[in-house]
Amino acid sequence: MSGSIIRPYGDTTGDGMVQLSFTLPIPHDKKAEGAALQLARKMGLDPALLVHAKAMGPDFTFFVVYGSSTHLVNLDEVRVVEREYPLLSAKDANLAIRRTLRRKLVVVGACIGTDAHTVGIDAILNIKGFAGEKGLEYYREIKVVNLGAQVLVPELVARARAEKADAVLVSQVVTQKDAHIHNTTQMSAAFREAYPAGHVPILIVGGPRFEEDSAAQLGVDRIFGRGTTPGEVASYLVHEITVRKGRKA
Amino acid sequence: MSPTRPAPVLDLDPAVVRRARSLARKAAAPVVTIAQSHTTVSVERATLRLAGLAGADHERIPWVNHLVTAVRDEVGLEHGVTTPVYDALLRGEAPDLTTLAQMAASGNVSFRLPAGREAAAARRAAAKGVGAGLGRIDAARRTRERLVRRHGDPASTPWIYLIVATGDIYEDIPQAQAAAREGADVIAVIRSTGQSLLDYIPEGATREGFAGTYATQENFRLMRAALDDVSKELGRYVRLTNYASGLCMPEIAALAGMERLDMMLNDSMYGILFRDINPIRTFVDQRFSRQIHARAGIIINTGEDNYLTTADAVEAAHTVTVSQLLNERFAKEAGLEDWQLGLGHAFEINPEIPDSFRLELAHALLARQLFPDAPLKWMPPTKHMTGDIFRGYLLDGFFNLAGAMTGQGILLVGMMTEAVVTPFLSDRDLALQNVRYVMNAASGLTEDFHPPRDGFIQNRARQVLSEAVELLERIVADTDSAGDAPLLAAIADGTFGLMKRPADRGKGLDGVVRRADGYDNPAITALDAGVPAKAARR
């Protein structure tokens with residue numbers, strides 16, 4: 001066997017042993033146990049060993065199965081897409097900001113247009129955060145200015161300038177007739193007009209309706225879609241300020 | 001709830017405890033005065049809901065919102081919404097509240113501020129109308145007391161508290177019933193992400209929510225009815241919990257009272273600190289909602305666990321104590337009794353640090369002993385749940401053990417898949433097995449467990465309490481240039497965690513109105529007069 005082919009390791013090289021637990025929507029009896037073993041075999045466990053079965057209420061049964069996986073892993077065929085920036089913890093993000101900027105990173109956020117749904121921007125900015133991650137307000141080295149909903153583009157530009165924003169986050173959740181696209185292009189154009197070339201803040205839009213690869217068309221630096229967590233945004237910001245600083249240096 | 005009061009085991013200095021309480025009282029007093037001199041759009045809407053105004057227009061904007069907006073635009077809210085509204089009804093502008101609200105929505109009714117005899121008549125009519133809602137709350141409380149007598153309370157404490165959150169009330173119902181059959185004593189229906197920042201309450205039964213289900217009157221009714229069925233089946237009254245927080249706190253409280261919810265999440269500062277809701281708005285709304293909860297016999301659950309998830313649980317331990325003391329003070333002021341105070345705390349110390357379990361025991365005992373007659377809401381680890389479900393299961397076991405050893409009243413069941421997925425059916429079953437094993441094996445430890453005098457646990461508890469007193473001293477001495485109440489100044493300058501929340505900022509500020517001299521709100525008048533003793537009539 002070449003070095004690039006591996007199997008799971010239980011207690012002996014090549015034994016292929018894995019553990020697995022799952023629930024089937026049937027009452028616990030002999031047949032249920034047979035059903036569990038059938039599933040395990042179809043998942044490639046052979047031999048499969050049913051080590052635990054327990055009724056959970058009248059209609060469900062919980063199983064723990066051990067078995068040897070018949071599948072081989074070929075390391076040469078493993079393909080991973082590397083994110084262009086590393087995911088940082090809040091602590092590391094803070095450290096990187098302090099090191100790069102020697103001051104706080106200023107983020108101005110808003111919902112623009114008629115959209116009154118601040119769910120997205122609040123999930124990213126409010127300290128409460130989203131999906132178990134604290135929002136950007138939680139980061140010691142980030143100053144957050146959340147302008148809330150229905151902010152006009154000129155107002156957003158003015159506030160970004162007044163706050164010396166490093167980054168502007170715009171959320172568009174509920175939109176009709178591509179309003180999110182019009183609003184975003186209008187916003188990015190306004191920033192390019194108001195700032196000298198090369199000094200426009202990092203422009204980020206977020207929302208479930210954007211296509212993630214359309215950033216260039218919309219004139220923004222980054223698009224974040226559904227399910228984005230504050231940590232991803234913070235990590236991106238750190239990455240981007242580092243890149244920009246490198247460009248200036 | 002059966003008494004969980006253990007013998008005092010911490011040797012706290014009674015003088016320090018008294019000092020802590022008197023500082024909390026001192027910090028709260030000016031804020032209560034502010035609450036008593038303001039109203040909010042949500043308080044006024046809640047009052048109309050008590051008067052029976054329900055429903056929404058075709059765009060699902062509730063009639064209470066339409067009516068309050070119309071009155072505010074024409075005569076302002078500083079005298080309260082009910083006087084101009086009932087004046088309009090007495091003048092024959094509309095036959096009932098719903099028609100009046102519909103006409104007001106299209107601008108077809110004019111409001112005025114009546115004077116003299118007409119004002120008195122409008123106030124009498126308003127008191128009668130709103131009294132009907134308070135009567136519904138009283139009746140719901142009597143029904144609960146009757147059902148608890150019939151079906152019984154859980155056989156032992158802590159009560160087992162489980163969460164359901166599918167987004168679809170019709171999915172929530174079978175899940176909640178299954179959870180009750182598996183042993184849950186309290187079912188909490190988590191709200192949809194973002195509902196706390198909606199300035200209206202959605203209408204009707206809802207089937208689409210994000211990471212939770214909308215709190216609506218109809219959803220409350222459906223779930224309570226489903227739990228009544230399962231209570232009967234199990235011979236044990238299963239309680240229902242929702243969230244009186246966010247911009248509609250008073251209205252949610254009113255609906256909860258009328259629909260016989262049993263517990264409500266309700267924290268005095270959570271919305272300010274973690275949701276950036278305006279401080280004045282929060283304190284005004286909170287007082288009203290707590291008065292309703294007091295009347296309804298609802299147990300509140302406070303949100304101290306949030307302090308520990310945003311800061312280090314050892315360094316910030318005293319902020320939990322401070323928040324508990326403030327929550328207790330604001331609750332007592334609003335008429336809640338000790339048995340209604342599910343003061344929160346959580347098992348969030350980093351398991352990597354030495355003696356983390358001893359520290360948890362010290363903190364849990366401190367809360368237990370400071371608030372001997374409160375049920376206390378014990379919250380499981382979330383911050384140090386890493387996705388390693390095996391380690392998480394062990395951590396939850398230690399959490400359960402701490403709960404058993406320190407006599408907690410309400411135990412929120414921890415899931416090993418916390419921060420991984422919404423719990424599988426099997427996760428819930430395993431979590432309940434964990435709780436049952438620990439309670440069976442160790443709940444008697446409250447009898448044996450006496451930390452030695454001046455040992456690690458006693459010292460740690462005393463240290464946390466003295467840090468809490470120091471923080472309270474800083475709070476009552478705080479000032480700002482606007483001359484705000486010290487607690488507001490402290491909130492503004494970031495005393496609590498990392499959040500700076502000035503009193504003139506935050507969401508919902510435009511819904512705050514200073515009361516005029518002639519302000520009248522028949523609900524507040526009745527609630528200020530206290531819980532009618534007959535609410536607990538047999």
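**Sheet and helix packing in a predicted model**

Modeller: This is a predicted model. Eight bridges join S2(A) to strand S4 (residues 60-69) of chain A, and the two run antiparallel.

Biologist: Which residue in S4(A) does Gln19(A) stand opposite?

Modeller: Tyr66(A).

Biologist: What's the strand order in that sheet?

Modeller: S2-S4-S3 in chain A. The sheet is open, has three strands and pairs antiparallel.

Biologist: Which strands stand at the edges?

Modeller: S2 (17-24) and S3 (45-56) of chain A. Each has a single partner strand, so one side of each lacks a neighbour in the sheet.

Biologist: And what does the twist average?

Modeller: 20° from one strand to the next.

Biologist: Which helix packs on the sheet?

Modeller: Helix H16 (residues 425-442) of chain B.

Biologist: New topic: H14(B) and H18(B). At what angle do they pack?

Modeller: About 60°, with the axes 8 Å apart. H14 covers residues 356-370 of chain B, and H18 covers 456-476 of chain B. That angle makes H14(B) oblique to H18(B).

Biologist: Is the crossing left-handed or right-handed?

Modeller: The crossing of H14(B) and H18(B) is right-handed.

Biologist: Which residues meet there?

Modeller: From H14(B), they include Arg358(B), Leu359(B), His363(B) and Leu366(B). From H18(B), they include Phe456(B), Ile457(B), Arg460(B) and Val464(B).

Biologist: How do the residues of that contact divide, nonpolar, polar and charged?

Modeller: In the contact of H14(B) with H18(B), 11 are nonpolar, one is polar and two are charged.

Notes:
Residues numbered from 1 in each chain as written. Chains lettered and ligands numbered in written order. Predicted model: local features only at pLDDT ≥ 70, side-chain atom pairs only at ≥ 80, totals over all residues. Heavy atoms only, no water. Axes fitted to C-alpha atoms, helices over the stretch in contact; angles between N-to-C directions. Helix = DSSP H or I, 4+ residues; strand = E, 2+ residues; numbered from the N terminus. Parallel < 35°, antiparallel > 145°, perpendicular 65-115°, else oblique. Left-handed = near helix turned anticlockwise from the far one by under 90°. Contact = heavy atoms within 4.5 Å. Nonpolar A, V, L, I, M, F, W, Y, C, P; charged D, E, K, R; others polar. Pairing = 2+ DSSP bridges.
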